[in-house]
Amino acid sequence: MAIIDINWTRILRTPFIGYHHVLMFISMGAIILMSILLAGCTTSDNLGNVYLLSLRYTNSSQPMTNSAQVSTAIQSAVYNISQAGSGSTLEVRAGYMGLCISQDNEGRVCSSNAKVLANILKAERSTSTTGNLTTETTPDPLNLILIAEEFRTKIVFDGLLYISVVLTFACFLLLSTFPGWHQEVDDSGSEVEVKPFPSRAVSQAALGIISLSFGFAFISVLWQHINSSSTASMAETLTYGAVSGHVGTAGMILGWFAVALIGGVSLGLLIMILSISIIDRLTDSSSVASSYLVDD
């Protein structure tokens, strides 16, 4: 039986995976996370759980009271309108590119067009007549779909995230041009594995691009977090507790984790450039010292 000689030490050193490959993997992870975040609420599958804001009827038995209230006219009107849903269990989720609606004992429906979702609920409207009084029952008496659509189109902005995705991909392409490990023959005739330093211009360009990407992603996710939290609080306050608002946990985790990954790539490139610069200075200093010794 032939014995296969495997150089495990060489395999474990992974000569074909360099420092820039790790940065490329991290960059691709950030792109994937931001892409999932942008695609939230576009399908009723798992992407329906990736959202920025959720609005849901609370079905409170009585309107919320507060000692700071002076007039209860608006509060009573909002409460009476919300009761027109006859205990509506509607929940509306808003993402960057679409909305999702769901009710108890029913599946979730998502669409990038709010009119499609509104027509679905309009078809569920019913009317009842008691004497001369006609009452209409609707699953969305306070127009949560309209509020979520206004939030999606007028409050949040996805342009900076798209720019960040493009810039991160551009940095990924620049990192792919970095030289990798290869074998060379030294003066003694032995094969050695070497990895040349990347071009300083390309390294600095990649650092500049990924730094811009980090800035755009950070601003976008921070804006997303603040706007979602503010809208959720305002929805609860202005409806006097008839509607509860929640910030999408998965959406926030994806956004902030993507920002952290991009920041890690920026820091990694900065450390690499500074390290190469220090090595170059030490090498130059050693060369100068050697020349002085030879002259002496």
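**Figure 1. Helices α2 and α6 of a predicted model pack against each other.** The axes of helix α2 (residues 19-38) and helix α6 (residues 159-176) come within 9 Å and cross at roughly 160 degrees. Here, axes are lines fitted to C-alpha atoms, for helices over the stretch in contact, and angles run from 0 to 180 degrees between N-to-C directions. Helices (H or I, at least four residues) and strands (E, at least two) are DSSP runs, numbered from the N terminus. The crossing angle makes α2 roughly antiparallel to α6, a term for angles over 145 degrees. The crossing is left-handed, meaning that the near helix is turned anticlockwise from the far one by less than a right angle. Among the residues of α2 that meet α6 are Leu23, Met24, Met28 and Ile31; in α6, those in contact (heavy atoms within 4.5 Å) include Val165, Phe169 and Phe172. By class, this contact has 13 nonpolar, five polar and no charged residues. Ala, Val, Leu, Ile, Met, Phe, Trp, Tyr, Cys and Pro count as nonpolar, Asp, Glu, Lys and Arg as charged, and the others, Gly among them, as polar.

This is a predicted model, in which local features need pLDDT of at least 70 and side-chain atom pairs count only at pLDDT 80 or more, while totals for chains, interfaces and linings use all residues. Residues are numbered from 1 along each chain as its sequence is written, and side-chain values use heavy atoms, with hydrogens and water left out.

**Figure 2. Helix α6 also packs against helix α7.** The axes of α6 and α7 come within 8 Å and cross at roughly 160 degrees. The two helices are therefore roughly antiparallel, and their crossing is left-handed. Leu161, Ser164, Leu167 and Cys171 are among the contributors from α6, and α7 supplies residues including Ala206, Ile209 and Phe216. The contact has 16 nonpolar, four polar and no charged residues.

**Figure 3. Five strands form an open antiparallel sheet.** The strand order is β4-β3-β2-β1-β9, and two strands pair if DSSP finds at least two bridges between them. Strands β4 and β9 (243-247) stand at the edges with a single partner strand each, so one side of each is left without a neighbour in the sheet. Neighbouring strands are turned by 15 degrees against each other on average, direction ignored.

**Figure 4. Strand β1 pairs with β9 and with β2.** Five bridges join β1 (residues 53-57) to β9 in the antiparallel sense, and Arg56 has Ser244 of β9 as its bridge partner. Helix α7 (residues 200-238) packs on the sheet, touching β1 and β9, and its direction makes about 170 degrees with that of β9. Between β1 and β2 there are four bridges, again antiparallel; Leu55 is partnered by Val92 in β2. Helix α5 (residues 144-155) lies across β1, β2 (91-94), β3 and β9, running at about 165 degrees to β1. Four of the five residues of β1 are buried, that is, under 20% relative accessible area (1.4 Å probe, protein chains only).

**Figure 5. Gln103 lies in a loop of the model.** This residue is found between β3 (99-102) and β4 (109-111). Gln103 is buried, with a relative accessible area of 16%. Leaving aside neighbours within four places in sequence, Gln103 is in contact with Thr89, Leu90, Leu121, Glu124 and Pro139.

Terms used
Parallel < 35°, antiparallel > 145°, perpendicular 65-115°, else oblique. Buried < 20%, exposed > 50% of the residue type's maximum accessible area, 1.4 Å probe, protein only.
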